[in-house]
Amino acid sequence: MFSTRPSIPGLATALAVFTCSALWCASLQAQEEDPSTTGVGTVPGDDASTVRYGVDFFTQYNPNTVDDMLDWIPGISIALAGNNGNDNDRGLGGEGSILINGQRMAGKTNDPRDQLNRIPANNVEYIEIIRGSSAGLGVRSSGQIINVVLIDDLSGSSVTAEISTNYNHDGTLRPGGSASWSRQQGALDFLVSLAAEPEYEIRDSFERSSGVDLIPTGTTMRKEVTDETGFEFNTNLSYDISPRDRIQFNALWQTEDSPEHIHRIETQLNSGSPTVTLEREDMDASEVGWEIGGNYEHFLKGGSRFRILAISTREEEELFRERFVRSNPGAEEEKDLVLENRSVASERIVRGAFTWNVSDSNSLELGAEVAQNILESSLFQGSPTAEGPVLPQTGGLPSLPIDNASADVEEIRYEPFAVHSWQVNSALAIESELVSEFSTIEQTGDINNKRRFDFLRPSLEVRYDPNASMQYRASIGKQVSQLSFDDFVASTDSSDEERDTEAGNPELRQEETWRYELNFEYRLPDDLGVINTLAYYEDISNVIDRVDLTPSAAQATGAVGNVGDAKRYGAEMDLSLRLGFVGLPDAIVTSRLQASSSSVTDPVLGIKRRLERDDRGSASLGFRHDIPSQQLNYGFDLEYDLDKGPQFDVDRIEYVDFEPALSAYIQKTAFDGIVFRVEAGNILDTGQCRERRRFTNRTSDPFPSAIETNCQNDGRSLTLRVRNTF
């Protein structure tokens, strides 16, 4: 396999050595620290698994928002990562990692982390890091939970405004900005915000093609410009109706327009003399979506509570793509391709639960969740060589017939569940959960198909806290993936110039995984740092990967499908450490090492290989230093993929190498509390390289028919942000 990225010898080893030596030095220094100066401690009367940070802890760093405050909590990246990286968007579920006043937001698209960036720091009373599940809070996490508690007797309002300018490596400037209004009046908390964020990108790439004999057959120069601007309106309202009743309402509206322009110069070398073809593509992509959510809680005597959450979402996407070709630089331009892809996705979920304390050490939660997911999709393709009728959707070209191009897909799912929490003693806690799932997926349109699925999803977690510094966790659980209905129907494929559309698979079914985890967390004395280690193993069935929909045909048709069983296992280590032991008490460093492996049988080659795009590992290093006397802070982040796994399709294999990515910032609070921040992106001016091996029929052919090597670069960027709270 080729590799063009620069070598960073021993980066993983260096980070491991740094972690061990830093922890040793910090543990020596910790013995000399006065814990009374930290402003941090465990919650009185708690089982020592909850760490509380009072507002005085953050004052010296002049935070502007809650998001600023989180940056100074050691190990916060562990909590923000959620359930140790498990990405499962199946309904609302009982999981959650961010709470406000002990209350979970009723939303999915409406990211609670974004809301924390809009809440002024002076509204906060304290922040808790809850290491494990809490029946009293009504959420569960195999990692950590962040609970932001606001001052309950505060009355008043504040406005936070930010303006920004992005400077890109091609000299373009793109403005942006945001404004939020927060108000507290007795039992009412209200937040509303509006943001406009530019995401301008320009990519240059160069590709070489050769045959199996490695003799060059052509080159392609490509320039791609995306001039996207996103607008977002967000609001959240919380009201305590009475000491026992509380409601929450949140809403999100967002829209994005992403016009994209691509220019390619293709040179063919496999003829007597080189020939040049010019291609131009215009893609007009737009997206409009909204989400509305509500949450009602009623508290009963004895600590019991009833809650109901409900959300409704809708997302409309449209892509119109046209390609124009010139057979040589002096020829007249001709329209060669038209694609129109439209989809409307909506989701409605209602979740209700009742929790009560069975005894002083046992609690039980019973409830149910009902969800409806709908996708409406259509795809049209126009080609000058087609023989179909000319349609408005095909831009004046004859239409090309496409299998499974128009479809409505609907899923109705019911999930009754039960959760039992047992605090065995002050150090040991056990939590078990059983979810029964009953769902029906029906597809209508070009293909009619209806299927029923039933699953049992048990899980068990054991947490042991021998003291306030250490925690051991072990868990086992069954997971069922959320299907992407886009994979059910035909869609556009803009990743490969030789394959304009992607086939759909109406027989796709959910991936099922048994996941086993062992976790150890150690908090250094006096809040000097946190080290967290995780080992996991996954036994996966009905693996979702790439399959051949036409195994008996001469030419393969690839699509997303189920390929059988697989294994995945790995380990992670996270370190967050204050650098007081080297004379920098106001500096904090974070690092992360990940290593993983997987195995699945390829449906075409019949060999064992890694799962699609499964990494061998990654490493990251972050640094932040505050100078409180100057109201100044700066930092950097370095990320590096140690080995990006290949992607196997039925007629091609792709290898991708991502080069190290470095970003940095400097922030200064100046006159009247105005914050100036400069961010530098892609400082190393790195990108990614890809090798694509094409096969005439299938990857089982003796040799590839073509080998393409492509490298692209996004260039450096610079952003200036100016923010103030009134």
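Start by selecting E16 and E17: these strands form a hairpin with three residues between them. Strands here are DSSP runs of at least two residues, labelled E and numbered from the N terminus. This is a predicted model, where local features need pLDDT of at least 70 and side-chain atom pairs count only at pLDDT 80 or more, while totals for chains, interfaces and linings use all residues. Residues are numbered from 1 along each chain as its sequence is written, and side-chain values use heavy atoms, with hydrogens and water left out.

**Stop 1: the hairpins**

Stay on E16. Strand E17 covers residues 449-464, runs antiparallel to E16 and is joined to E16 by 16 bridges. Strands count as paired if DSSP finds at least two bridges between them. Pick Phe 438 and look across to Asp 454 in E17, which stands opposite.

E15 pairs with E16 (residues 428-445) in the antiparallel sense, over 15 bridges. A hairpin of four residues joins E15 to E16. Here Val 419 stands opposite Glu 433 in E16.

**Stop 2**

Glu 340 is buried, because its relative accessible area is 6%. Buried means under 20% relative accessible area, exposed means over 50%, and partly exposed lies in between (1.4 Å probe, protein chains only). Show the contacts of Glu 340: among them are Leu 319, Phe 320, Phe 380 and Gln 393, with residues up to four places away in sequence not counted. Contact means heavy atoms within 4.5 Å.

Next, select Glu 322 and Lys 335. Their side chains meet in a salt bridge (2.9 Å, N to O). Glu 322 is in strand E12 (residues 305-326) and Lys 335 in strand E13, so the pair ties together parts 13 residues apart in sequence. A salt bridge needs a side-chain nitrogen of Lys or Arg within 4 Å of a carboxyl oxygen of Asp or Glu. Glu 322 is buried at 17% relative accessible area, whereas Lys 335 is partly exposed at 25%.

Move to Arg 351. Arg 351 forms a salt bridge with Glu 369, with the closest N and O atoms 2.9 Å apart. This pair links strand E13 to strand E14 (residues 362-382), across 18 residues. Arg 351 counts as buried at 6% relative accessibility, and Glu 369 counts as buried at 1%. By this rule the count comes to 70 salt bridges.

**Stop 3**

Select Glu 162 and Arg 721. Their side chains meet in a salt bridge at 3.2 Å, N to O. Glu 162 lies in strand E6 (residues 156-168) and Arg 721 in strand E36, so the pair ties together parts 559 residues apart in sequence. Both Glu 162 and Arg 721 are buried.

**Stop 4: the disulfide**

How many disulfides does a search of the whole structure find? The search finds one. Zoom in on Cys 689 and Cys 711, joined S to S at 2.0 Å. A disulfide is a pair of cysteine sulfur atoms within 2.5 Å. The torsion about the S-S bond is about 110°, so this disulfide is right-handed. Cys 689 sits in strand E34 (residues 687-694) and Cys 711 in strand E35 (residues 706-713), 22 residues apart. Cys 689 is buried at 4% relative accessibility, but Cys 711 is partly exposed at 32%.

**Last stop: Leu 534**

Finish in strand E22 (residues 529-541), where Leu 534 lies. Leu 534 is buried, with a relative accessible area of 3%. Gln 594 is 60 residues from Leu 534 in sequence and 9.4 Å away in space, C-alpha to C-alpha.
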